[in-house]
Amino acid sequence: MVVLSEAIEHGYLRFADNEARNNSSLYEDWATQIARSSEYHEFLSSLPEAKRQPNLLFAAIRLVTGRSPQTSELEEVLRLHAPAIKREMMTRSTQTNEPGRCAVILPLLARLPQPIALIEVGASAGLCLIPELYAYNYNGGKHQIAPEVSTSDTPVLHAAATGNVPLPTQMPNIVWRAGLELNPLDLQQTDTVKWLETLIWPGQESRLERLRKAMTVARGQSLRLVKGDLLEDLPDLLDEVPAGATPVVFHSAVLNYVRDTEKRDAFADLMLASEAHWISNESPKVFPPFAKKVTAPHPAGRFLLSENGEPRAWTGPHGQAIEWIG
């Protein structure tokens, strides 16, 4: 008899309550079911800890089956497809490239000294490296900004802005950009595109539509994605920033996957000691010292947007909201 892993159970229930609820009823049901399934506990226990995360499992199930099974089918799906699901989980990662997060990064980019040299850590396929090529709709259309040239493929990113958000009146002038990524993704590969689409949760068709549009825009650019590590290879990229441009390093929903807290802290030290402007959009648990600077209650399910270690706003995980602090 398989003993249920307390860590797996708590992790999946936490995912159901804090992330899936009000975002995907199917994923909420899946996570609740798997939290109590001895078969899935045995399967997940055979994987490295970093590979047991719900998003990775759920996307692998949908990729292998080609559909989103009913919750009652999950155990049967595992019995039929466990080797294939495991293979996908071991060879892939949750490199969700969510262009919607540009809506909460843009206000900080637009108010910096221009022009900008932009570096994204954990760039995936680079969709967040081209924020000035997207259109933005804040507060249901009360504040809009768009690139000079827009087409039917230009995604419109919607966000609710509350508080004193410095909403941009013009796009940032980005004259140089590069992405740093352990496993850069090539949007010219059909398999890569399919995986990125599968990472979008069931029932979130609007996210899928904007992802497809963002990929179309990105394929028209010559984005530079460098295979490398955030500590070892970032300094060399910073050295390439052209003179006269403000160096900006940003990341969103990336450092949570760096489980070594010492490495996270070393990265923070590196950024704070550099001459670059640092924008971090992560779970408040990633950098506790930054989160502690906010004395008001922390809203559940939000990321903390920080600028050079100073909290600026609470943000929706997919860029759907930005709530200014102070």
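Predicted model: local features only at pLDDT ≥ 70, side-chain atom pairs only at ≥ 80, totals over all residues.
The secondary structure of the protein chain consists of 11 helices and 11 strands. Its C-alpha trace extends over about 65 × 45 × 40 Å along the principal axes. A compact globule of 326 residues would have a radius of gyration near 20 Å, and the value for the protein chain, 20 Å, agrees with this.

The interior and the surface may be considered next. Of the 326 residues, 52% count as buried. When contacts between residues at least 6 apart in sequence are considered, 71% of them join residues at least 24 apart. The accessible surface of the protein chain amounts to about 15,000 Å², and carbon and sulfur atoms contribute 48% of that area. As to charge, there are 31 positive and 39 negative side chains, and the centres of these two sets are 4 Å apart.

Attention now turns to one residue. Y136 has a relative accessible area of 1%, and because buried means under 20%, Y136 is classed as buried. Leaving aside residues up to four places away in sequence, Y136 touches C102, A103, L106, P131, H143, Q144, I145, L157 and M171. One of these residues, L106, is 30 residues from Y136 along the chain, and the C-alpha atoms of the two are separated by 9.3 Å. With P131 there is a further detail: the side chain of Y136 reaches the backbone oxygen of P131 at 2.6 Å.

Methods
Residues numbered from 1 in each chain as written. Heavy atoms only, no water. Helix = DSSP H or I, 4+ residues; strand = E, 2+ residues; numbered from the N terminus. Rg over C-alpha atoms; globule rule 2.2 N^0.38 Å. Buried < 20%, exposed > 50% of the residue type's maximum accessible area, 1.4 Å probe, protein only. Contact = heavy atoms within 4.5 Å. Areas by Shrake-Rupley, 256 points an atom, 1.4 Å probe, with all protein chains shown as cover. Lys, Arg positive; Asp, Glu negative; His and termini not counted. Charge placed at Lys NZ, Arg CZ, Asp CG, Glu CD. Polar contact = N/O pair within 3.5 Å; in protein donor to acceptor, adjacent residues only side chain to side chain.
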